[in-house]
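Here are my notes for you on this one. Keep the viewer open and turn the model as you read.

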Amino acid sequence: MSRLAFLGAGRMASAMVNGILKENLYSANEIICADADDGTGSRLSEATGIAYSRNLEELLQNADTVVLAFKPQQLSDIGPRHAELATGRLIISILAGMPLARLQDRFPKARNVVRSMPNTPGQIGAGITCYSPARELEGEDARSVESILGSLGVVLRVDETELDAVTALSGSGPAYLFEFVAALRDGGISAGLPTEMAYRLALETTLGASRLLAGSGERPETLRDWVSSPGGTTLAGLKVMEESDFRGILRKTILAARDRSLELASAS
């Protein structure tokens, strides 16, 4: 029986399993997971009906595709014996900052190795995941990668050289958006609104504006200008953002995250 094995059973692995089952890509009895002795694997098994094992031999022996979903520093726990069990299998990694060269070194006999970068909205099927394979994906492997990663949302294939920038933008980007919403909330509080009202307004405004932008097909600058009446309140606020180099701050933020991703990749 062809099986899909998850090494790791945390939030992102759980999101993938739930998406895979919802899309009927695999049945529950074709999926197995392991955890780091933190209870996540048994909980995921109970919630979804997939198999659970702490024994890596059992986990890998029938698997055709293996998803690496543990903490990056735990890759060193995969020894030669386990790497041998991965012979001929497709390896999909969602380990942040882990380069293909390191993954191939750890799984030298894998059929192919894929490095990917999902983001946290994948937990509700609204994520975007970029990936890069070590070798050209063919036939069923290409379809499997697209569908498995697609269980989290949108999927894009990129060059591996772009994945550190991807990590900085879409991987870390949700945290920047959450910080922006918090800043809008705090601004509303400073302007005299009750805390809960300020938060509700910040949240719904961000959500609604994002939906409008996604559905309009317009550039963000165009929609910005639609809101900005000459001499009005919006322009007064935008002037402060411009004077504070708002875009420059975000550019530096993304570059700092990209540089850190490169550092982590080289250190690994």
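The points below go from the whole chain to the sheet, then to salt bridges and a surface patch.

1. Start with the overall picture. What you are looking at is a predicted model. The protein chain has 12 helices and eight strands. Its C-alpha atoms fill a box of roughly 70 × 35 × 35 Å along the principal axes. Buried residues make up 39% of the 268 residues. The accessible surface comes to about 14,700 Å², and 55% of that belongs to carbon and sulfur atoms. Among contacts with a separation of 6 or more, 61% link residues 24 or more positions apart.

2. Now zoom in on strand E5, residues 90-93. Leu90 and Ile92 point one way from E5, while Ile91 and Ser93 point the other way. Are these residues buried or exposed? All of them are buried.

3. Look at the neighbours of E5. Strand E4 (residues 63-68) pairs with E5 in the parallel sense over four bridges, and Thr65 stands opposite Leu90 in E5. To get from E4 to E5 the chain passes through helix H4 (residues 80-85), and this β-α-β crossover is right-handed. E5 also pairs with strand E6 (residues 112-117), again parallel and over four bridges. Here the bridge partner of Ile91 is Val113 in E6. The chain crosses from E5 to E6 through helix H5 (residues 100-106), and this β-α-β crossover is right-handed too.

4. Leu7 is found in strand E1 (residues 3-7). With a relative accessibility of 5%, Leu7 counts as buried, because the cut-off for buried is under 20%. Leaving out residues up to four places away in sequence, Leu7 touches a list of residues including Ala34, Leu56, Leu59, Val66, Phe70 and Ile78. Take Ala34: Leu7 and Ala34 are 27 residues apart in sequence, yet 5.2 Å apart in space, C-alpha to C-alpha.

5. On to charges: the structure holds 15 salt bridges. One of them joins Asp64 and Arg111, with the closest N and O atoms 3.3 Å apart. Asp64 sits in strand E4 and Arg111 in the loop between H5 and E6, so the pair ties together parts that are 47 residues apart in sequence. Both are partly exposed, Asp64 with a relative accessible area of 30% and Arg111 with 28%.

6. Other salt bridges stay within one helix. Glu204 and Arg200 meet at 3.5 Å, N to O. They are four residues apart in helix H9 (residues 195-216), so about one helical turn separates them. Glu204 is partly exposed at 40%, whereas Arg200 is exposed at 53%. In helix H12, Arg260 and Glu263 lie three residues apart, about one turn of the helix, and their side chains meet at 3.0 Å, N to O. Arg260 is partly exposed at 45%, and so is Glu263 at 43%. Back with the pair from point 7, salt bridges that share partners join Asp64, Arg111 and Asp141 into one network.

7. Which residues make the nonpolar surface patch of about 510 Å²? They are Leu177, Phe178, Phe180, Leu184, Phe246 and Leu250. Helix H8 (173-190) and helix H12 (246-267) each supply at least two of the patch residues, and H8 gives the most, with four. Phe178 lies in H8 and, at 53% relative accessibility, counts as exposed.

How values were computed. Residues numbered from 1 in each chain as written. Predicted model: local features only at pLDDT ≥ 70, side-chain atom pairs only at ≥ 80, totals over all residues. Heavy atoms only, no water. Patch = residues over 30% accessible without salt bridge, like charges linked within 9 Å, V, L, I, M, F, W, Y side chains within 5 Å. Areas by Shrake-Rupley, 256 points an atom, 1.4 Å probe, with all protein chains shown as cover. Salt bridge = Lys/Arg side-chain N within 4 Å of Asp/Glu carboxyl O. Buried < 20%, exposed > 50% of the residue type's maximum accessible area, 1.4 Å probe, protein only. Pairing = 2+ DSSP bridges. Right-handed = clockwise from strand over helix to strand, strands pointing away. Contact = heavy atoms within 4.5 Å.
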